[in-house]
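Please go through the structure below together with this briefing, which takes up one topic at a time.

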Amino acid sequence: MIAAAETVHPLKDFLTSNRKTVSVIAQTWLDSGATAFGISSDGMWLALWPETPVTGEQGAHSSVRLNNQIVADLWVFGFNDASTRCRLDADALVIGNLAGQEIELNNATYELIEAQDQLLALYDLTQSMRNRLSIDEALTSLVREVGRLVKSNACSAYLAFDPPVIAQYPQPMMSASALQHMAEQVIDSGTRLVVNSGVPVDYMPVGMTTILLEPIRVDDHVIGVLCLQRVQDTFKSPDLKLTRAVCDQAGAQFENLLLYRESLVQTRIQTEMELAKTVQTHLLPQRLPNVAGLDVAAGALPALQVGGDFYDFMEQPGEPFILTVGDITGKGMPAAMLMAMTRTLLRSKTRSFVRPSPVDILGSVNDEMYDDFTELSMFATVFVGQYDHAEKVLYYANAGHSPVIFCPAGGEATLLEADGAPLGVLPNSTCENQAIYFNPGDVLVAATDGFNEAGNSQGEMFGYERLLELVTNTAHTPAQTIMDTLFQTIAQFSAGRAQDDDQTVVVIKGV
Amino acid sequence: MELSTKTTNHIAIGEMQGRFDALEASKLSTWLDSVSAQSPAQVIINMSGVTFVDSTALSTLVKGMKRCRQQNGDLVICGLQKQVKVIFELTRLDKAFSIHPDEATALRALT
């Protein structure tokens, strides 16, 4: 009738681990004359001393309680008097208390292990997100780890970036637009949202019971939402706490990523600026030309964000001396690259013709580069001068470049206006060859707009008038002095204001 | 800079005010991209309210002009103030653009 217990009983673990203690109690009963002692539940023995089943004998019993619930009965056979029942009640109480304490201890241990698991999982989450360099990867890693960490059937995350970033694990729980719709509610309110299936909302996915939406914050600003779904269960306080902890951690990780991304962009810009500056300064002639009949000075002061200014000299035996000064619209690397191309083409076109005129040079460079300029929405203003020492003549053509200033010895400086549109504006160059006598004492200053457009703290530009006056007043000094005075005067004028544009200048003076 | 736009007889007209520099050129550039998508692309830029142009502004206009010409049309300019006209003359962009004294003349030139 009574058989050994087969189902898992609340006392089973206790009886296994404390068999010795219970055996002592049983043995004391047997020693005092009892024929058998045992613990039963639902008509089955959990433990019995001696192990042979007892039949037909009358015995006393007392209930063992766990948390005020009767879970088993203590039996003793051979006696059934009042003192036996009293002693048995005391034993039942002791066993119940001992078992209760043991179960509590086991539960505490289990919780501790689980808490440790969660801590480890949080650590894993941090590690796994830390190694991701892109927001997409970090978000995917987040939903994967959270899916493991907080028991849920699906996990999604939404970051309100432009465009939004979405990750769903193990598979999409709802459409991206439904997720976005819910996430934006949380972002607007800034507080957690729990949606139960009883709530009539059209975006609740079929088969889901509960959705938990927890905001992800960076600097008190909600940047996204973590969304957890359960099919059967609702989310309870420990789940909510853990999810909050995960989102705090994720927020910190995203903040780091955003900062990193920002610094990466900064570094890229910095690198590009450095590179553009290197390209520009290294392509400028490293030494001044030695030209019969001319005193030459040249200099360039690149702005923080480098533009596309350049100058160049070409000396070939038996050929006239050629100087070029130009400015590519735009700034940074694109301008520096086009500047390098334009300068190289100007050199090669000069060499590929026999005594090319300035218009030959500018026209062929325009033909060659028109498409590139169009593609990049840029153009270049270029001045080409060709000095013939024997004739004492300066031939030139000017594709939209200014300021180019000519000051005859003892006279007043005037602008040598451009005769054609800049390179890259029209499919065919409209430049014309010009010529001026260039005698001893005559000065030509070919500069870039960084001089006349230099501004002062009142927002006033230096302008052409001041520039012409300056050249007139310094034309009697050597080329180097004229140039130095130009740079110094502009620097004084725009004192306290950042230099917006490159300042590049070539000065030639007849000697 | 402020950009106000209208369309008259299939000609897109952009009217600008104030400084026309790198900071503001992108606004015009976006508008030019949209109006030069059709063929023929006919555009008038009324610059009577513009007091300053820089090189980025000029390259935006050049880009728009090229695009309109590719689309069998043109981008013409009208109403240049003296100091802005000087920039067009110094850079010889007055040779590249069709420049008119006012909007009515520009409209007649395009129709």
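Chain B has four helices and five strands, where helices (H or I, at least four residues) and strands (E, at least two) are DSSP runs numbered from the N terminus. Read along the sequence, these elements of chain B follow the pattern β-β-α-β-α-β-α-β-α. This is a predicted model, in which local features need pLDDT of at least 70 and side-chain atom pairs count only at pLDDT 80 or more, while totals for chains, interfaces and linings use all residues. Residues are numbered from 1 along each chain as its sequence is written, and chains are lettered from A and ligands numbered from 1 in the order in which they are written.

**Chain B: burial and contacts**

- Of the 111 residues of chain B, 49% count as buried; a residue is buried if 20 or more other C-beta atoms lie within 10 Å of its own, exposed if 12 or fewer, and partly exposed in between, with C-beta atoms placed from the backbone.
- Among the contacts in chain B with a separation of 6 or more, 70% come from residues 24 or more positions apart, and two residues are in contact if their C-beta atoms, placed from the backbone, lie within 7 Å.

**Chain B: strand β4 and its neighbours**

- Strand β4 (residues 74-78) of chain B is largely enclosed by the rest of the structure, because four of its five residues are buried.
- Strand β3 (residues 42-53) of chain B runs parallel to β4(B) and is joined to it by five bridges, with B:Gln42 having B:Asp74 as its bridge partner in β4(B); two strands pair if DSSP finds at least two bridges between them.
- The chain passes from β3(B) through α2(B) to β4(B) in a right-handed β-α-β crossover, a term that applies if, with the strands pointing away from the viewer, the path from the first strand over the helix to the second runs clockwise.
- Three bridges join β4(B) to strand β5 (residues 98-100) of chain B in the parallel sense, and B:Val76 stands opposite B:Ser98 in β5(B).
- A right-handed β-α-β unit is also made by β4(B), helix α3 (residues 82-90) of chain B and β5(B).

- Helix α2(B) has 16 residues and reaches 22 Å from its first C-alpha to its last, close to the 22 Å expected at 1.5 Å a residue, the expected span being 1.5 Å times one less than the number of residues.
- Of the 16 residues of α2(B), 14 are buried, and the helix is followed by B:Asn72, whose phi is positive, near 60°.
- Across the interface, 13 residues of chain B are in contact with 18 residues of chain A.
- Helix α2 (residues 55-70) of chain B gives the most to the side of chain B that touches chain A, with seven residues.
- That side of chain B divides into five nonpolar, four polar and four charged residues, where Ala, Val, Leu, Ile, Met, Phe, Trp, Tyr, Cys and Pro count as nonpolar, Asp, Glu, Lys and Arg as charged, and the others, Gly among them, as polar.

- An open sheet of five strands in chain A has the order β7-β6-β10-β9-β8, with antiparallel pairing.
- The edges of this sheet are β7 (165-169) and β8 (193-196) of chain A, each with a single partner strand, so one side of each is left without a neighbour in the sheet.
- Strand β9 (residues 210-218) of chain A pairs with strand β10 (residues 221-230) of chain A over nine antiparallel bridges, and A:Arg217 stands opposite A:Val222 in β10(A).
- Helix α6 (residues 237-283) of chain A packs on the sheet, touching β9 and β10 of chain A, and its direction makes about 40° with that of β9(A); axes are lines fitted to C-alpha atoms, for helices over the stretch in contact, and angles run from 0 to 180 degrees between N-to-C directions.

**Chain A: backbone details**

- Most residues other than glycine have a negative phi, and most peptide bonds are trans.
- The peptide bond from A:Tyr169 to A:Pro170 is cis, with omega near -5°, and A:Pro170 lies in the loop between β7 and α5 of chain A.
- A:Asp219 has a positive phi, near 55°, and is placed in the loop between β9 and β10 of chain A, where A:Asp219 counts as exposed because it has 8 C-beta neighbours inside 10 Å.
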